[in-house]
Every structure is written in C-alpha cells, then in structure tokens.
Amino acid sequence: MSGPPPPYTEGHASGQGRVFQSTGDQHITEHHHHYAPGPGASLFAETAAPSSPSLSATGMGPDSVRIPLVGRAPSVLRDRADLMRRLRTAVDGDGGQIHVLHGMGGCGKTTVTHALFTEAVRDQSRIGLWVNASERLSLRAGMLAVAADRGAGLGELAAAHSGQRAAADLVWHHLDRSTEPWLLVIDNADDPAILEEGGWLRASPRGTVLVTTRYATSRAWRGAFLHPVDVLPSEDAAQVLCDLAPHAGTPAAAEQVAIRLGCLPLALTLAGSYLHHQLLESWSMDDYRTRLEDDPIGLIDQGAALDSGRPESRHLVSRTWQLSLDALADQGLPEATTLLRLLSCWSADPLPLAVLAPASLGGTDLMDSARVEPALRGLIDHSLATIVSAPPGADGERPVRCVQVHGVLLDSISSGIPADQRAALTEAAAALLEAALPAEAGGGNGDRGGYVALLVPHAAGLLRRLDGDAAERVVDLAVRLAERIHETGDYAAALALAQEAAGAGEQVLGAEHPLTLSALQRTGRSLFRLGRIAESEDVHSRVLRIRERALGPDHPDTLESCHGLQQPLFRMGRRPEALSLLRRAANGLRSALGVEHPKALRSRAMLIEELATSGKGEEFARVSPKIVVDCERYLGTDHPISLSARHAYAFGVSRLGDPEEAEPHVRRVLADRERVQGYTHPMTLGVVVLLSQVLAKRGRWDEAVELTRRAIAGREEVLPADSPVLVENYSQLAAHLAGAGRTAEAESTACTALPLCERILGPDHPETLRARRILATREPGDA
C-alpha cells in the first residue's frame, strides 16, 4: 500500500460517513449510517422486540457494520507483503474460505485486516462487513446487524432476538444468499468458544471470512487457513517510527528505538505518536530511547493519551495483555498470571523449558506442580508465549526447546507486579535457574555450552531486577554461571555476566562483599582470556589487596587471587613475580583444601606450564608427571583441569625437549580436547597452535601453515582483532609460510602482521622481531 487510503464508500447504503484523516494515523472519529428503506434496512435498534433480553443488555447494536471502527490505522502498511498477497488472493477467489490471523496483542492483526478490508471495498467491489467479537453480546449484535445489512426482515430479526429462531442460522442464511460478494471480518475473537458454541463461524461460497484472534489453537479454527502475525523486521519497524515522527531522528536512530521496543507495532505506533505530538519538548529518537530505561511502559503509553485522550485497553501496552490474562482466569487458569510474572523476572531471550520443570517450579510454593503445564499452555494458546528451538551451541549438540515472551510484554507485566510479591518471585526465579544449571563440567557430559549459554541472559535479567532480599543468592548464581560459561570458551559472555554481577553486588551488597569480589575475580579471568592483559592485572591486583586485608594471606579466596593475578603478570613479562604468586597459590590451596581439591589441582597444573616457560627444566621433569597423575586420579581423565595438565606437560616437553618426543603428547591432547570440548573451543585451538609449532620445528611447514590458519579462523570468531594471542598467530603464520618457501604469501602476511605486532605486542616482542625479519629478506625494490 502507498499513501493514505481514501474515505470509505458505502455500497447501496444511503447517508454520510465522515472520516477525519491526518498525514500520519487515520482516526475514524464520527460516523452516521442509515439503511435505505426496505426489508431489514431500518435502524438496528428498531428491529427488535422491546422485551428482547439481548437488547436490554446491550442497548443498540453497532451503528454500522460497513465501517471498521478500529480507532487507528497507519497510512502505510509496513512489511506484511507476503501475508497481504495471500489474503488478497483469497478475497479475489470464489469465496468459501475462512482465514484466521493470530498473534499476541499489539502485533498488528487488526491493522493488516483493516488494510485488506479497505482494498476489498475500494478496489474489488466487495461488501465489507466488520464485527467486533471481543465479547459475546457484541458478537451477537454485530452478526445480527450483518443479517440486517444482507436483507433480513423485521420479523426475522425479532424472532432471532426473542429466541424463536436460531440467530446464527438467520445470519448465514442471508450471507449465503447475498447478491453481492462480501468480506466478513470478525475482529478480536479472543474467545473462540463463543464462536463455536453459537455456530457463528461458517464458510460461504458468497464471501470470505477473516478472523483476528490472540488464540493460536482452537477447535473453532478447524478447516480454516491459519496465518501467524508476528512483530515487524527491524528495518520496517524503524520506518514506522519515521512515518509517524519524520523529524525525530535518522533511520539508524529509529531502528535502535524499534529494537528496544521489540519491533512491536502497537509500541511503535505509541512511541511515534508521542514523538509527533510533543509541544513543549522536542525529543529525538535517541532521547526517547534513553528515557525508556527509566519507565518503559509508562512512557510508551503516554503516546496513547496524546493521540486519543482516553484510549481503550487494547491500545495501551500496560493493559492490552491483561485482557488475555483475565480470559485465562475466567477459564480456570489464574496460575497463568503467576507464571507470566515469574517469566518477567528473567529476560526476553529464549528460556529452556527445563527451567520450568513442574517438579522444580512446584517446589517454589508459587504454584502447584500440576498446574504448571496448563498455565504454560494457556499462555501459548493466547499468544502470550511461544515455543522456539534455540540452535545448538557447538558440535554435536541438539537444539534446545525454549519458551519465549516478548520484551515489552515482560516489561509491562513486571511493572504491574505488587511490591509484596517481588521478593518471592525473584527468589523462585533464582532457585529455578540454579536447579537448571547442569552439574560441574568434566565428565564428558556432552554439554559444550549451548544449553548453559541460554541461561546467561536470564541471570543478567535477575541482576537488573535485584533487590536486597534475594541479592546474595542472585549474585552467587551469576558468578557460578559466569564460571561455567567461561569453561565453555565463551569468554565475552562470561565477561559481560561477571561485570554485571560485580556491578549489582557493589550496589546492593557493597564493594568489599565476598560475592562482589568473586564477581570481580571472574571478570579478571575473562579479561585475560580476551587478551585485555593490563585490565586483567588491574582487577586481580585490586581484589588481592582487599582479600589480603580482609581475609588474611592464607585464606583460600586470597590464594585464588594469587592464582588469578599471576596469569597477566606472566604475559606482561613479570615472570619471577608471577611464578612466586603461583607457587604460593599451589602450595597454599593444597594445604588449605587438600591435594584432591580442584582449585589446588588447577594451580598445580598451571605450575607445569610456568616452569617450562621460565626454563626450569629440572623442576619441570621432577614434578610435572606427578601433577598430571594426581589430576587424572582425583578428577578423571576428561576433566578440564586434567586436560590442562596434559596440555601444559606437552607444551613443556615441546619447549624444553625434542619436538619428535613432544608430537605424540600434543596429538593426544588435541584429540582429547576435540572429543571433550569441541573443535572450536579456545583451548582446543591453543593445542592446534602448539602442534603447528612442533611440526614447524620438525620442518613440516605446510602442515604448520594449515594448522595455524585453522587456529586463526577459530579465534577470529571469538576474539577482538587486537587480541595479543591472535596477533602472535599472524606473525607465526608468516614465519611458517616463509619456512615452506611460499615467499610472496609470507611477505604479504608479515606486512599485515607487523603494524599490529608493533602496536599491540611492542617493538621488541619476539613475534614483532620475527615479522620484521621476514620483511627484511625482501629484495630491494620489492613492494
């Protein structure tokens, strides 16, 4: 569609219809309709017997069924091209079809239907008939008005009102015999039972029936063509905002607002209306997006007040979904509201269904375990939630079935939770995430991170809604989850969650609370893995100072900080200081926690690598085999710490001994990493680099080149371009190419690597010097 539609025209009806239209939204503010004289053409109120119980309840019927009194309609319909094409084809046909548009409140079902209705009346000479089915009485009154429009006589209508004739039979008798083709819209049919019980929904060869509903599944839709209506694509959603408030900002800024609003058409319309109608202030799109963080639902709904004064519930994001929840309560499912409030404690990302296991949810005292399944099905049936399959996270993982709820809906529900219920809901949400978190990794359990990663945004959602009562539990959960996601190799996600946990802990618990410090500790470790070495050193140093002062030098948490700090110190070249801290951690944790404790074994496993890096060959040969044996004995051969111990030992043999002797050790570790952690895990790629170095020492340059390229490709997916580890790999690739005699490729790679090495690693770093040497061998005059 392009441009605003013209005012509606009435087929054979007399009278005048006045349509007030602006360049943005179209508003039908007043309409007077009078049927021409003849059978069934009197005013609807005059056709019924005075004693009719339905009229006593409803007063008059609708003033017109020829006008879709929808309140607002965009002048341009964005997106929906495929859906409109299918519906146009149906209306163009010979009739006899029923089409059902279903989706959550505010997603634009009525808008699409309004556009189709307008086209059918204007361009296809169809009689357009519009009935509001939001209530049983409005449906009955509207359908009898349809019968009157199609020629039902006064006596027939009176008989239907008095119960002497089946009302639905009368309506369809006249629709089937209509001399003109028609399009019948049954709008807001959110309780399909009233259509089914009254026999109101039927097919006819004389026309097409179009139903809009929030109810996705119903026996009433048998034989109908179902069309799900979802939110808009982000570009089209941004264009809706630009249509309504063209001077408020750029399309890029509008797209950011649209994404924050979840691209929900109702929210977009209200936001655009607010920006368009401002008088005393002139907010930009960016201003609006910033203000959304304070009170999103209150700000969005202000657009309705500016636009129409006293909007109905369906036109307010704070109220539109309450209609569905009220209907569910009427159906005996008040638990649906409780479940939706619980879901609002998390995020709008897909939530694994396992989190809502009836046994777990029933144990929270929020609802009976037997009511969980019906409540969830009720939310799905009313389009308040959907079931989606989250894609697998790594090699061999299966998709995870999840439930998802729109973000604006969650904001709306959250804003309406009574204050005395918030703590219980937050506690329950934290407990359910804890119960869903798999056991500690390390037994080859098949979870390489896809499932665990799905829990991360929901822990972050809990942190953003944190209050004092549940603060410790939520921060502790977030710290443990950050550790688990770190183990899977998703260091960026682990960093984001750890930082959020640290910020929430500092604000609610205090800067020196043990959980706040634990979150900072995790932050430092992820920073290190992402190559942000100086930041990692700063965080670890700060935590160590606080813990030494508050807990003492021998407390396990203090020793944990020693372990964390030594890693960035080694990378920064402060090896004696780093090795001293690592020995302190390894020996102290062994004494405090026992030889079999994972934390003690982890520090001892890292000692293997640092002894080799520091050139302490005799000590390496003496202690390393024993450390590997202890890790495998106490933790199992496939535990990440055992893998790291064997990895470190293979590295040490390569660095201190014969590459021929090292190769089988490295290949074994690579096979184990690939089997347990996957082909693209950062630790697996670390072994790939090690194997390339071993093969290069043995003169097998082409194999070294391919392995280094594999490592670079994998690391470029997860590491920033300025990661020191990645930059080192670029220089190493150039060296391997040169060793293979592929001079042109080597020089080209070195040209790219050298500026990065100089800037990120420093002018005197070994890899910088190596890249410089490769370029120094070029013939004079070479480019």
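Student: Hey, which helix is Pro-682 in?

Tutor: Pro-682 sits in helix H30, which covers residues 682–697. Keep in mind that we are looking at a predicted model.

Student: Okay, and is Pro-682 buried or exposed?

Tutor: Pro-682 is buried, because its relative accessibility is 17% and the cut-off for buried is under 20%.

Student: What does Pro-682 touch, leaving out residues up to four places away in sequence?

Tutor: With those left out, Pro-682 touches Thr-488, Gly-489, Tyr-491 and Arg-715.

Student: And how far is Pro-682 from Arg-529 in space, C-alpha to C-alpha?

Tutor: The two C-alpha atoms are 9.1 Å apart, while in sequence Pro-682 and Arg-529 are separated by 153 residues.

Student: Switching topic: what span does helix H24 have from its first C-alpha to its last?

Tutor: H24 runs over residues 556–571 and reaches 24 Å, close to the 22 Å expected at 1.5 Å a residue.

Student: How many of the residues in H24 are buried?

Tutor: The helix is mostly covered, with 13 of its 16 residues buried.

Student: What about Gly-573, what is its phi?

Tutor: Gly-573, which follows H24, has a positive phi, near 85 degrees.

Student: Now the cysteines. How many disulfides does the structure hold?

Tutor: The count is 0 disulfides.

Student: Then Cys-562, buried or exposed?

Tutor: Cys-562 counts as buried, because its relative accessibility is 0%.

Student: And why does Cys-107 count as buried?

Tutor: Cys-107 has a relative accessible area of 1%, so it falls under the 20% cut-off.

Note on methods. Residues numbered from 1 in each chain as written. Predicted model: local features only at pLDDT ≥ 70, side-chain atom pairs only at ≥ 80, totals over all residues. Heavy atoms only, no water. Helix = DSSP H or I, 4+ residues; strand = E, 2+ residues; numbered from the N terminus. Expected span 1.5 Å × (residues − 1). Buried < 20%, exposed > 50% of the residue type's maximum accessible area, 1.4 Å probe, protein only. Disulfide = S-S within 2.5 Å. Contact = heavy atoms within 4.5 Å.
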